[in-house]
Amino acid sequence: MTTRFRAATAADQEATIQVLSQAFGREKGSPKFERDAASVRAHPESYRILESNGKIVSALHISRHRIQIGSS
């Protein structure tokens with residue numbers, strides 16, 4: 001089992017959005033889902049992800065004012 005914590009990249013956007021939406025109960029198309037998705041797409045460098053065997057299993061958003069952590 002390989003686990004790696006790293007910065008997200010543009011290639012990780014959709015998987016990161018999926019993990020965050022599952023972790024925080026955001027339904028696709030809801031205002032909060034769309035807000036989160038826009039943030040990930042605009043600033044993937046502000047996210048850190050945990051990969052297990054090549055799959056993103058957790059995401060961390062780093063912002064100036066607060067930190068949100070999610071896992072699925």
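How many residues does helix α1 have, and how far does helix α1 reach from its first C-alpha to its last? Helix α1 spans residues 13-24, twelve in number, and reaches 16 Å. That is close to the 16 Å expected at 1.5 Å a residue (the expected span is 1.5 Å times one less than the number of residues). Helices (H or I, at least four residues) and strands (E, at least two) are DSSP runs, numbered from the N terminus.

This is a predicted model: local features need pLDDT of at least 70, side-chain atom pairs count only at pLDDT 80 or more, and totals for chains, interfaces and linings use all residues. Residues are numbered from 1 along each chain as its sequence is written, and side-chain values use heavy atoms, with hydrogens and water left out.

In α1, Gln13, Thr16, Ile17, Val19, Leu20 and Ser21 are buried (under 20% relative accessible area; exposed is over 50%, partly exposed in between; 1.4 Å probe, protein chains only). Just after α1, Gly25 has a positive phi of about 65°.

The largest nonpolar core has eleven residues, among them Ile17, Leu20, Phe33 and Tyr47. Such a core is a set of buried Ala, Val, Leu, Ile, Met, Phe, Trp, Tyr and Cys residues joined through side-chain atoms within 4.5 Å.

Now the charges. The structure holds six salt bridges (a side-chain nitrogen of Lys or Arg within 4 Å of a carboxyl oxygen of Asp or Glu). Asp12 pairs with Arg6, closest N and O atoms 2.8 Å apart. Both are buried. Arg6 also forms a salt bridge with Glu51, at 3.0 Å, N to O. Arg6 lies in strand β1 and Glu51 in strand β2, 45 residues apart.
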